[in-house]
Amino acid sequence: GSPIPVGIDVQVESIDSISEVDMDFTMTLYLRHYWKDERLSFRSNKNKSMTFDGRLIKKIWVPDVFFVHSKRSFIHDTTVENIMLRVFPDGNVLFSLRITVSAMCFMDFSRFPLDTQNCSLELESYAYNEDDLMLYWKHGNKSLSTDEHISLSQFFIEEFSASSGLAFYSSTGWYNRLFINFALRRHIFFFVLQSYFPAMLMVMLSWVSFWIDRRAVPARVSLGITTVLTMSTIMTGVSASMPQVSYIKAVDVYLWISFLFVFLSVIEYAAVNYLTTIEERKQLKKRGKASGMYSIDAVQAMAFDGCFHDTDVDMELPAFSDPCEENDTRTSESNISSVDTTRLKRKRSLKGNVGRIILQNNHVIDTYSRIIFPSAYIVFNFFYWGLYI
């Protein structure tokens with residue numbers, strides 16, 4: 001005869017979890033089937049229905065609906081199996097189940113974490129094609145209802161909708177298929193606190209080296225290496241909680257560009273230090289106050305203790321309280337008393353010349369970097385958030 005119409009009604013109790021790594025979701029729902037079997041009709045003076053538990057299911061015909069793309073599913077059995085069968089006098093049957101199902105969700109992470117994921121749970125008869133069984137939503141779009149208190153930690157549920165279609169299998173034919181569609185929009189505030197904001201701070205921290213004396217090699221190198229390692233840790237933490245996809249995500253773009261800014265700040269100081277060394281050598285040769293032997297000793301000393309030793313600067317500029325000058329002071333204490341007198345005069349004039357010394361010790365690259373790096377990072381943030389939001 002004609003195919004048996006089976007109406008479906010679904011009430012979603014909860015969405016238990018969304019897994020980006022496994023690309024699946026877990027949902028608990030009430031699945032209700034409606035059909036008519038005249039063989040189950042009975043006489044009733046008061047027109048009341050009869051309700052049974054799961055023990056009768058094995059003795060009568062029921063639709064063989066299954067979840068397409070499901071990974072795991074089970075019927076709750078505490079304290080007994082959550083199955084209900086209700087038969088009406090005219091043969092209409094209501095078959096209800098409480099099920100938890102984990103199904104695949106084909107996610108696209110190209111805009112992660114500014115993404116919106118569209119997932120669906122698909123229902124279909126396993127054995128009966130459209131010539132034997134016709135699945136349909138019992139009450140149209142109103143056949144799908146949700147609990148008002150459904151909430152997720154990382155997602156905002158934008159909408160639930162019901163739809164239907166057909167599925168074709170080459171060996172068995174066409175089957176009716178029902179879809180439970182829902183859209184999930186990710187909350188971005190968590191990722192702002194855990195990824196974006198720390199990355200911004202690390203980039204800004206790397207700019208501090210532009211205001212540090214160019215001859216303070218340990219300070220500037222340590223700051224650069226620390227920010228680079230911190231950015232690497234942030235990037236590793238984000239990647240560990242994500243599937244290993246072969247395309248670039250939005251968060252990868254931001255973190256890699258931020259890492260590039262931090263890395264360039266280290267390269268910037270390498271260029272400043274190299275040009276400073278060349279400049280000081282030329283000045284010493286031009287003034288004729290340094291022999292070739294002295295130049296070799298100065299370069300070797302800088303390689304060992306990380307400080308540039310310039311006798312001309314030491315004689316003309318006030319002394320800094322850094323490790324390099326402390327070593328020079330210990331060495332000078334064993335020399336003639338005229339050197340001690342000169343150092344005493346330089347210390348007395350320190351307060352009045354600090355500003356002039358700082359300006360003189362800044363390289364032109366540092367001066368331009370103070371403007372170029374922040375401006376470029378602001379422009380990048382403007383285009384990034386404008387593109388993805």
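So, burial: 41% of the 389 residues in this protein are buried, where buried means under 20% relative accessible area, exposed over 50% and partly exposed in between, with a 1.4 Å probe and protein chains only. Keep in mind that this is a predicted model, where local features need pLDDT of at least 70, side-chain atom pairs count only at pLDDT 80 or more, and totals for chains, interfaces and linings use all residues. Residues are numbered from 1 along each chain as its sequence is written, and side-chain values use heavy atoms, with hydrogens and water left out.

On to the fold. We've got nine helices and 12 strands; those are DSSP runs numbered from the N terminus, helices being H or I with at least four residues and strands E with at least two.

Now, what sits in the middle? The largest nonpolar core has 70 residues, and Ile8, Val10, Phe25 and Leu121 have the most contacts inside it. By nonpolar core I mean buried Ala, Val, Leu, Ile, Met, Phe, Trp, Tyr and Cys residues joined through side-chain atoms within 4.5 Å. Helix H3, residues 250-287, gives the largest share of this core, seven residues. Domain 1 (4-186) and domain 2 (190-284 + 372-388) both contribute, so the core lies between them; the domain bounds come from an automatic or database assignment. If you click on Ile8, you'll find it touching Leu31, Leu123, Tyr136 and Trp137, among others, leaving aside residues up to four places away in sequence.

Cys105 is joined to Cys119, S to S 1.8 Å. Cys105 is in the loop between strands E7 (92-104) and E8 (116-125), while Cys119 is in E8, 14 residues apart. Both Cys105 and Cys119 are buried. The torsion about their S-S bond is about -80°, so the disulfide is left-handed.

Last stop, helix H1, residues 189-206. H1 bends by about 35° at Tyr196, with Pro198 following within four residues; the bend is the angle between axes fitted to the seven residues ending there and the seven starting there. Which residues of H1 are buried? Phe191, Ser195, Tyr196, Ala199, Met202, Val203 and Ser206. They pack against strand E12 (173-186), helix H2 (217-240), H3 and helix H9 (364-388).

Conventions: Contact means heavy atoms within 4.5 Å. A disulfide is a pair of cysteine sulfur atoms within 2.5 Å.
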